[in-house]
Structures are given as structure tokens and as C-alpha cells.
Amino acid sequence: MQFLPVVTPTANGPRMDYVSTRGSAPVLDFAGATLAGLASDGGLYVPREWPKFSEGEIAAMAGLPYAELAARVMQPFVGVSLTPEKLRELTAQAYGRFAHAAVTPLKQLDQQHWLLELFHGPTLAFKDVALQLLGLLFEEFLARGGDPLTIVGATSGDTGSAAIDAVAGRAHIDIFMLHPKGRVSDVQRRQMTTVLSPNVHNLAVEGTFDDAQAVVKRMFNDPAMTGRFAIGAVNSINWARLMAQVVYYFAAALQLGAPRREVAFAVPTGNFGDVFAGYVAAQMGLPIHRLVVATNVNDILHRALTSGDYSAGTVTPTAAPSMDIQVSSNFERLLFDLGGRDGPALAAQMAGFESTKAMQLTNAQREGAAKLFSSARADADQMTQALRWAWEETGELLDPHTAIGLHAAREAGIDPHIPVVTLATAHPAKFRDAVERATGQRPILPARIGDLFEREERMVELPGGYDAVAEYVAAHAVPRG
Ligand SMILES: *Cc1c(COP(=O)(O)O)cnc(C)c1O
């Protein structure tokens, strides 16, 4: 008989180790994995094992305020990097900034369908739920010493504003956020450029989002930059972001009767971060009946999950830009877990993908994924129909990403006795034109960002290409100790 170590969420719980999906980067603790972002072997950090809650422990979480629930669910991942008191203090601070008392309120649409509103944070996108906490975690870990952090990122809209809001004014951090000049919406640009804290650097760069992203990737691999500056990431390759997203699966399922009753979720998906958090919740013991991955016409994940074909095409721009991707970084975490956590084998599989832009899932990966995941794809007409259905039948205005999620939820053929929760990932006011085209209704900007168009803007315009950006960062970032 074999006794496996059990990780329990106790006050003095064990240290949680983080390993890379590609098997050769150093093992880190939670604080290390949070500050590192990408692993040095090109892989992504995951906990060495999934903490498990018993049915009784899950039942005891019902009715907790969101910030308390967050601390309970995350404590086993944090290990000894934060005391339980400190973690509770940080979750209270992060979620105290949300405009709804429930933080992520659940709304009923009809007999079977529910909407989990994740957009009540400061920048109206679900990314606030994770990034508000991540900003505080960075500040806490950096205050313990070490090098000041230079965050460099590229955004097509939502990540940039949520990340800037989360770190503005925080000690020991500078953030350099590149956006493609003239190619983000006015609301999205102003949400970034009207934050005037001296540690926030908005760079409007000539070219497309992919060009800006390529500049950032090159900087992470440029020894002249990484030697001088501790460069950090805020995109969803950062484990701490996914961890924070696990919480709202618990929050929603508990309200709908978990642990006694199963619940399904439909998730508008781009980089596979949000839906991977649902997979983690299931591994921890939450009774998730199914996770429905919703994609738009950029459907690499739908193809991978239905036929095992993970091959990247070219990106088609849509009304749901945060899902316009052809490579889903966090899918690697799922493939690692389903493939027996074999780092060297996954490193070889990913190297193949990186050189040919295509790969076949193994049988173990396909069969493992099929147990929990379904998928559906929505084209522009189907997105519009879902938006209209929600407005006409339930009186709810959805954003285009959420509408794609709802389309998938209604197409997934889930047993009518099982509640299906669609994650509402953005406030409709962030995508006013698309919503108005579909429904004839123009969503109103919530009061908390109502004066956005009167605020002063600040940004630096740079030519495309690597050198101008690298020079700017080098001249304005704080070097290592
Ligand atoms: C980022 C984003 C998504 C995609 O989430 P992933 O975690 O990348 O799958 C979906 N909808 C909206 C509105 C987003 O901002």
C-alpha cells in the first residue's frame, strides 16, 4: 500500500513547490513562481501536485464573503510564502476595490443558464479579478528584498489596462506597456494612458499587436536586457493569475448547490487561462460536470479538442478581440497534466509545435481532455444571435466575448438538470459599437469610469522595431541591485 502526501490547507501548511512543464527549470516556491512569470526552460510553472479539498471542506465554504473564500481556496497554493493572515489582508484589499458587494455576482438567465459577472473591477474586464491581487503580491514579495521589477508587456486592449491599474503607484515596480498605435479602442487606450503614476509607461508603437508582442518576446530573451533588469510578466503565463481565477468557480458552484450538485461552465477562451482555472478547481474536488471551451472563428482550441489537431492558422480579427489568437499559451499546462507530467516529453512535443506550428495531441491527452472539456465555435452571426437572444429574452446586454460563451453554453447539449454558468468576461460598455450593432442598445459606461474622456492622457510614441523600445526601457527602468 502506498501513502501519498496529502496537502491540506492548514495554517502552517507545507511549502508548495512549482515545477516547469518542460522539466528543466529550477523548482521554485510560490513567491519565486509569481515573480518569475515564464520558466527559464521556456515552460510554464505549475504546482507539483493539486491540493484537494474534501466534500466537507467545500461545504464549509458556502456563504463566505468572496475575499474570505479566495483566501481559503488559494492558501494551499501559496504554501508558506504568505501567512494566512497576510493572504486574507491582500484578498480583502484586492476585492474591496470591486463595484459589487458579491465581487463576482451570479445572475439567472433562464431555467438552466446563469451568468457569472466577472467585470465589476476597476477596468471592466475579468482580468481585474486576478491582476488586482497580482499587483499586491508583487509589492509584498518585492518589499522583502531582491531586485526591483520591470514589467514589460504588449496588449491589444484588456490586459494592458487591468495590469496598469493593478501596479500603478506600487513600490519597486515599473510597468512598460506596449500597444499598437491607433489600433486599440478609445476606451481601451484612455484606460491605460490616463493613469499618470510615474511608474507607468505607455508606449504607443507603430505596427500591429503581433509586432509589439514580438518586441516583448525578444526582450525576455535578450541577455543585454535581462542581465541588467529583472523583467517580469503580467500575462496569463503567470501562475498567480490562474490561481486567483480558480476562486470564482468555487463561488459560483457553491451558490448553485455544490458540493452536492454538479455544475457546468462555458468559458469564452483565448489563451486558455480562464478555463484552465476551471480545470484546476475540478482537480481540487469541485464537482464540475463539464467545461465548455467557447471560441470564435479563431478556433485552434475547438479543433484540438474535437479532433486532436492543434495547428495554428492566421488570426482573423473579430468583434471579440481578446479571443483572436492562434496559439493558446496555457494549453501547455493541460497537455502537461494529461500527459503524465512528463517534462522532457512535453518539451519535445512543444519544440515540434514551435518549428512547424502544428501538432497532434497524444491519445492520453485527447482522452483525458474529453472527460471534462467540450468545445464550440461561434462565427459572427452566431455571436450576434446570442447577443440578441440575451437582450430580447432576458433583458441582459452582453459583451461579444460573453455572447460567444453563451452560444457555446446553449449548444453544448448539457443535461437540463445541470446548471450551466457562462463566464461574463467583459462589461458590454467596453465594446459599445458591437453591442449596439447587434441589439440597437448602446451600453452606458459605468459611473466609475464615466469621466474617462475628460482625463489627461500620457503616452510616448515610438517607431516599430526592437531597438527604440529597448532603448526606452533601458533609459527609464530601475536596474538590478
Ligand atoms: C482575456 C479575455 C478572454 C480570454 O481569456 P483567456 O484566459 O485568455 O482564455 C476572454 N474574454 C475577455 C473579455 C478577455 O479580456
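Student: How many residues surround the ligand, and of which classes are they?

Tutor: In this predicted model the residues closest to the ligand are K127, D158, G270, N271 and D274. By class, the shell divides into four nonpolar, seven polar and three charged residues, and the number of residues that surround the ligand is 14.

Student: Which residues of helix α14 are buried, and over what arc around the axis do they lie?

Tutor: Helix α14 runs over residues 343–356 and reaches 20 Å from its first C-alpha to its last, close to the 20 Å expected at 1.5 Å a residue. Its buried residues are G343, L346, Q349, M350 and F353. They lie on the same side of α14, because the arc that they cover around the axis is only 125°.

Student: Which exposed residues does the face of α14 turned away from its buried side carry?

Tutor: An α-helix has 3.6 residues a turn, so residues three or four places apart point the same way. In α14, the buried side includes L346 and M350, while the face turned away from that side carries the exposed residues P344, A348, S355 and T356.

Key:
Residues numbered from 1 in each chain as written. Predicted model: local features only at pLDDT ≥ 70, side-chain atom pairs only at ≥ 80, totals over all residues. Heavy atoms only, no water. Near = heavy atom within 4 Å. Nonpolar A, V, L, I, M, F, W, Y, C, P; charged D, E, K, R; others polar. Helix = DSSP H or I, 4+ residues; strand = E, 2+ residues; numbered from the N terminus. Expected span 1.5 Å × (residues − 1). Buried < 20%, exposed > 50% of the residue type's maximum accessible area, 1.4 Å probe, protein only. Arc of directions from axis to C-beta.
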